[in-house]
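This report looks at one helix and its surroundings. Please have the sequence and the structure open while reading.

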Amino acid sequence: MNVNEKSCRNCVVLKAQLEQQEAIVAKYLKIVQSQSELIQDLQNKSSTVGTSPKSSPRKQYPTNYTNYNGWDTISNDPNNKKTRGGYRAFIGSITSEIDKDSLKKCLEESFGKVDSIDIISSKACAFADFASPTAYHNAVSEGAVLVNGIALSVERVRRPKPRK
């Protein structure tokens, strides 16, 4: 196209949309980087808490609280599926070729330690309990994992709506 030629209206609109999308992606990348830095800072601070002889003891929180991914933590019972781990993620699009061991191995290699996995074959989904908030955050922010050549979605668990 020549400098003297006038660009068509569609080209101008598409170019503006592309620039807007690039700006959004740049902002998103900054947010992800900031989140990663915050998590790193929190991990560094939590690993140093209690190492100094002058530091105060950690505050004991009650067992009845809601953690940041929305699940209520009611007890420390390891058999209670609702409380186990505290960092529970939903894994979608499970097929018959995917077993617990391969799913756990891929999740741990990609994101971090997994305490347990519950596969629900009839619903073609699974639930993974991550051992740390960092592993949980990494999995949910990535949004997918590749297991045996099959892409699976990884999402935060949403609380079921109460029935009327």
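## Placing Ser102

In which helix does Ser102 lie? The model is a predicted one, and in it Ser102 belongs to helix α2, which spans residues 100-110.

Is Ser102 buried or exposed? Its relative accessibility is 14%, and buried means under 20%, so Ser102 counts as buried. Apart from residues up to four places away in sequence, Ser102 touches Val147 and Asn148.

The buried residues of α2 include Ser102, Leu103, Cys106 and Leu107. They sit on the same side of α2 because they cover an arc of only 130° around the axis. Among the elements covering the buried residues of α2 are β3, β4, β5, β6 and β7.

The face turned away from this buried side carries Asp101, Lys105 and Glu109, which are exposed. Just after α2 comes Gly112, with a positive phi of about 145°.

## The nonpolar core

How many residues does the largest nonpolar core have? This core has 21 residues, and those with the most contacts inside it are Ile91, Leu103, Leu107, Phe130, Val145 and Leu152. Two or more core residues come from each of these elements: β3 (87-92), α2, β4 (114-120), β5 (125-130), α3 (133-142), β6 (144-147) and β7 (150-156).

Val145 shows some of these links in detail. Setting aside neighbours within four places in sequence, Val145 is in contact with Cys106, Leu107, Ser110, Phe111, Ile150, Ala151, Leu152 and Val154.

Conventions:
Residues numbered from 1 in each chain as written. Predicted model: local features only at pLDDT ≥ 70, side-chain atom pairs only at ≥ 80, totals over all residues. Heavy atoms only, no water. Helix = DSSP H or I, 4+ residues; strand = E, 2+ residues; numbered from the N terminus. Buried < 20%, exposed > 50% of the residue type's maximum accessible area, 1.4 Å probe, protein only. Contact = heavy atoms within 4.5 Å. Core = buried A, V, L, I, M, F, W, Y, C linked by side-chain atoms within 4.5 Å. Arc of directions from axis to C-beta.
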